[in-house]
Protein chains: 2
Amino acid sequence: MRKTPRQARSREMVERIVTAGRAVLIADGYDAFSTNRVATVAGVSPGSLYQYFPDKAAILDVVIDRYWEEVAERVAASLADRIGEFGPAMVRDTADALLTALEADRELLRVVAEELPVQRSRERRAALERRVRELVATYLAARPATSHRPQAGVAAWVVVLAVEGLAMRWVLDQPAFVSREELLDEMLALVGGYLLA
Amino acid sequence: MRKTPRQARSREMVERIVTAGRAVLIADGYDAFSTNRVATVAGVSPGSLYQYFPDKAAILDVVIDRYWEEVAERVAASLADRIGEFGPAMVRDTADALLTALEADRELLRVVAEELPVQRSRERRAALERRVRELVATYLAARPATSHRPQAGVAAWVVVLAVEGLAMRWVLDQPAFVSREELLDEMLALVGGYLLA
DNA sequence: TCACGCCGCGAGCGATTGCTCGCTTTCAAC
DNA sequence: GTTGAAAGCGAGCAATCGCTCGCGGCGTGA
């Protein structure tokens, strides 16, 4: 950030710019994400925009950061709530939380996952994965009975990646032959079968 | 294609352009993928380039199509060879073939998977997935003993997605805590445990 | 109320990019 | 050898985009 907004109106302006950035991404895709367009949609002049954002990427960063932060928050909260629980119910609930979080902003997920030059988005998403992976790894290490896999870290990597991949693709592609409940059943079978194999 | 090259030299030129496009993508990333740059690297004038390619995207399409076609060819071939076989060995061999195919051009995979506005790439990758998924589905349907999952189509979707996701991420991220052999073991446990859960 | 600093404006600069067009060179059929 | 088509060239057009800068309006403390 080039300058911190001090008065109320400038704080609102920064907010409007971020919202407009998100709107442009959803409505017209990344190609249309030009600084002038974002400024127009925000009802703001390009000059004003550049008083608070050093460059175009900075706007994008805020939009992306907010998105993944929201998803991470929901999943981590659900996982943390159930860290004392045991077995299949916990897996199902967490997967459900992830699905819900991804479904909440499907249009933005589409742009973020399929259209963006994802350097920045990757970092954020990797952070989310690491966060969840560590929770899963400590959980597995603490309860050997839940897993026959020798290395908790590796098992956590596999589980998180598989579940995340399935969730994202299901939300984005909406395959007609798998309902939401079926998907959760399949995830449960996948994770359970793997850990106890 | 705007015009079909008739003489040998023009066919060579088209070839040089595609090769240059791939080289630019790998060396400098998608941002540097400008028509003038590709033409320069190919040792060709922009005008010549536009005699055979209608626009910039067309060059990119050929590069991407060739890449996924190569991967699909290898995996499908390996799978088709082992369609008569049975059980774990087949899974392992196919996953191995996928890994090898992805490793063969890791730099291009990185650009294609992480940096490209992937509309076109997605279609191609989806085609590869569909191809493999159908092979897996018919295999599962024909041999009920290998799977306790009630719906072969759903099971194929889950298996292909999970294995592909793990393979891509492993090749791209090269996580230090999972060796290639370990990865194949984990994939086997994942698929085997799921199908027989 | 005055004055200073925060705020906001928007025309437009400088650079880049995708692509064209008029021209020359090379090839192949007769 | 002649000729017409195919191939190739490259300066540069038109448009876009990220970003700046000089100027005026507004809020706030004294």
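Let me begin with helix H6 of chain A, residues 106-114, in which A:Leu108, A:Leu109, A:Val111, A:Val112 and A:Glu114 are buried. Buried here means under 20% relative accessible area, exposed means over 50%, and partly exposed lies in between, with a 1.4 Å probe and protein chains only. Helices are DSSP runs of H or I with at least four residues, strands are runs of E with at least two, and both are numbered from the N terminus.

Before I go on, a word on the source: this is a predicted model, in which local features need pLDDT of at least 70, side-chain atom pairs count only at pLDDT 80 or more, and totals for chains, interfaces and linings use all residues. Residues are numbered from 1 along each chain as its sequence is written, chains are lettered from A and ligands numbered from 1 in the order in which they are written, and side-chain values use heavy atoms, with hydrogens and water left out.

Now the chain as a whole. Chain A has 9 helices and 0 strands. Its C-alpha atoms fill a box of roughly 60 × 35 × 25 Å along the principal axes. Of its 197 residues, 47% are buried. Among contacts in chain A between residues at least 6 apart in sequence, 72% join residues at least 24 apart.

I turn to the relation between the two chains. Chain A is superposed on chain B by a rotation of 179° with 0.0 Å of shift along the axis, at an RMSD of 0.1 Å. The two copies are thus related as by a two-fold rotation axis. In chain A, the C-alpha nearest that axis belongs to A:Gly193, at 2.0 Å. Both copies use the same surface, since 97% of the contact residues of chain A recur in chain B. The superposition is by least squares on the C-alpha atoms of residues with pLDDT of at least 70 in both copies.

One residue at the meeting of the chains deserves attention. B:Glu114 is found in helix H6 of chain B. Is B:Glu114 buried or exposed? At 9% relative accessibility, B:Glu114 counts as buried. Its side chain makes a polar contact with the side chain of A:Arg122, at 3.1 Å. A polar contact is a pair of N or O atoms within 3.5 Å; within protein, one must be able to donate a hydrogen and the other to accept it, and residues adjacent in sequence count only if both atoms are side-chain atoms. Leaving aside neighbours within four places in sequence, B:Glu114 is also in contact with residues including A:Leu116, A:Pro117, B:Leu109 and B:Leu172.

Next, helix packing in chain B. The axes of helix H1 (residues 8-28) and helix H6 (residues 106-114) of chain B come within 9 Å and cross at roughly 80°. Axes are lines fitted to C-alpha atoms, for helices over the stretch in contact, and angles run from 0 to 180 degrees between N-to-C directions. H1(B) and H6(B) are therefore roughly perpendicular, a term for angles of 65 to 115 degrees. From H1(B), B:Arg22, B:Leu25 and B:Ile26 meet B:Glu107, B:Leu108 and B:Val111 of H6(B).

H1(B) also packs against H4(B), at an angle of about 80° with the axes 9 Å apart. That makes H1(B) roughly perpendicular to H4(B). Among the residues of this contact are B:Arg22 and B:Leu25 of H1(B) and B:Ile59 and B:Arg66 of H4(B).

Two loops remain. B:Thr146 lies in the loop between helix H7 (119-142) and helix H8 (152-173) of chain B. B:Thr146 is buried, with a relative accessible area of 14%. A polar atom of its side chain lies 2.7 Å from the backbone oxygen of B:Arg143. Leaving aside neighbours within four places in sequence, B:Thr146 is in contact with B:Phe86, B:Tyr139, B:Leu140, B:Leu195 and B:Leu196.

Finally, most residues other than glycine have a negative phi. A:Gln174, which is not a glycine, has a positive phi of about 45°. A:Gln174 is in the loop between H8 and helix H9 (180-195) of chain A, and is partly exposed, with a relative accessible area of 33%. In chain B, phi of B:Gln174 is likewise positive, near 45°.

Technical notes. Contact = heavy atoms within 4.5 Å. Parallel < 35°, antiparallel > 145°, perpendicular 65-115°, else oblique.
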